[in-house]
Amino acid sequence: MKAGLQAVAFTEPRDFFAALSARDTSPDVLLDLNMPDIGGIDVVEKLQKANFSGRVFLTSGADAPVLEAAGRLLSGSGAKIAGLLPKPFSFADFERLVTSQPSADPDKEKSSPPDTLICSREEFAQIQATLQLYFQPKIWAKSRKLAGFEALARFWNADGEMLSTDDCIAQLQSHGRMVSLTETVIEKSMEWASEVLTDDLHLAINIEPEFFEQPEGLEKIERLRKEKGLKASQFIFEVTERAGLPDDENVLKSFTKLRVAGYGIAIDDFGIGFSSLKQLSDFPFSELKIDGNFVARMEQEERAAEIVRAMVRLAKRTGILCTAERVETESAAQILEEAGCDQLQGFWTGRPAPADEAAKLVSDAARADGKKVESPLSASPDQSDGDTKSRPLVAIVDDESGVRQTLVRGLERQGFACRPTEAESIFSKASNSNCPIASFWTCECLK
């Protein structure tokens with residue numbers, strides 16, 4: 001080749017490893033992170049086990065943070081990562097890396113896993129049996145169309161009363177059962193998604209970092225997804241940081257592999273607690289979720305509004321999606337849209353709903369887009385189209401946000417399901433109206 005080196009290419013992993021074992025010295029390797037049969041991270045791990053001493057250059061068409069995270073991960077584990085080549089790259093870029101000297105590998109301290117108390121199977125089974133998933137809608141800020149959902153765990157006692165989710169989570173965490181609970185939530189979420197979710201929607205699942213401290217965490221996710229026939233791009237894992245992300249190689253490895261495989265990873269509650277700029281810099285997140293405390297205050301406090309705008313700009317400049325939580329008024333939605341926020345989530349976009357109600361939102365969104373999609377959970381077998389159409393439907397049109405919210409809350413207490421709706425889906429002459437699209441709500445009686 002032009003750089004004066006002998007070049008050999010391989011498309012089959014077994015041929016590559018066979019050629020390496022036949023050599024007396026370790027060559028330089030240009031390695032793609034995302035390959036069909038074996039991932040680049042797994043290849044490097046195999047090379048390390050074989051005492052490979054050559055330089056490795058990583059390349060990928062994935063986002064730059066994913067490639068950078070893979071480089072940090074593998075360098076920290078002792079691999080000789082000599083450079084990163086984001087695709088597309090020129091030969092000149094490659095030649096510069098090949099002729100440069102590899103940098104020194106940084107030392108990395110590994111922390112031992114904390115001791116945990118284990119509750120009995122009976123206690124865990126009792127808590128697990130009361131688990132039910134609710135789904136809160138997320139909408140695109142600009143179009144006001146459905147973007148996806150976040151799966152939320154809810155628990156009940158023997159009397160049918162909803163328990164505090166935070167208390168139940170804290171109890172399970174203190175007894176070392178969060179990994180088991182996370183597996184259950186992932187399984188239930190993917191089951192619902194396989195029956196309801198369309199290709200253009202995503203489902204966010206809260207996940208504890210310790211789930212990825214076990215090396216088989218990613219394999220469990222992939223197995224479930226493939227069993228259900230789902231796409232990786234349909235899922236976003238929201239990292240819940242109750243004590244900060246652990247300094248554990250397996251966590252960074254799993255996050256990087258998830259992103260390479262096509263999953264999204266969101267940093268939750270950004271701006272408070274452990275969701276810091278360092279975490280955003282160290283891990284390959286694809287989405288930033290602005291903590292609701294800032295969103296809830298931004299209409300009354302200009303400082304909070306400026307902080308929110310700064311977070312949106314940060315997300316934009318780092319090339320990741322931005323979602324605002326606790327959006328409870330139309331005026332807040334307008335501020336966020338003008339700031340450039342991508343997605344909105346909160347009581348204004350929709351309250352967390354049981355599986356069947358969330359499935360109906362998917363069907364309604366599909367019909368609004370002209371798609372013939374009917375969720376199996378959206379109606380009972382004996383319910384006809386005529387029954388659905390006979391339900392009372394109320395359209396709220398008013399240019400005062402307070403009036404609309406008051407009417408919405410009153411109708412919800414009477415059994416109506418309310419949501420913001422584009423004017424064109426209700427009024428054939430909406431284009432002649434001076435009211436903004438976000439001023440329209442539809443409220444359908446569920447009784």
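How many strands make up the closed barrel, and in what order do they run? The closed barrel has 8 strands, running S4-S5-S6-S7-S8-S9-S10-S11 with mixed pairing. Strands (E, at least two residues) and helices (H or I, at least four) are DSSP runs numbered from the N terminus, and two strands pair if DSSP finds at least two bridges between them. From one strand to the next, the twist averages 30°; axes are lines fitted to C-alpha atoms, for helices over the stretch in contact, and angles run from 0 to 180 degrees between N-to-C directions.

This is a predicted model, in which local features need pLDDT of at least 70 and side-chain atom pairs count only at pLDDT 80 or more, while totals for chains, interfaces and linings use all residues. Residues are numbered from 1 along each chain as its sequence is written, and side-chain values use heavy atoms, with hydrogens and water left out.

Strand S4 (residues 132-140) is joined to strand S11 (residues 343-345) by 3 bridges, and the two run antiparallel. In this pair, tryptophan 140 stands opposite glutamine 343.

I turn now to the helices H1 and H2. Helix H1 (residues 13-21) packs against H2 at an angle of about 25°, the axes being 12 Å apart. H1 is therefore roughly parallel to H2, a term for angles under 35 degrees. Phe16, Phe17 and Leu20 of H1 meet Val43, Lys46 and Leu47 of H2, where contact means heavy atoms within 4.5 Å.

Finally, strand S1 (residues 29-32) pairs with strand S2 (residues 56-60) in the parallel sense over 4 bridges, and aspartate 32 stands opposite threonine 59 in S2.

Definitions and conventions
Parallel < 35°, antiparallel > 145°, perpendicular 65-115°, else oblique.
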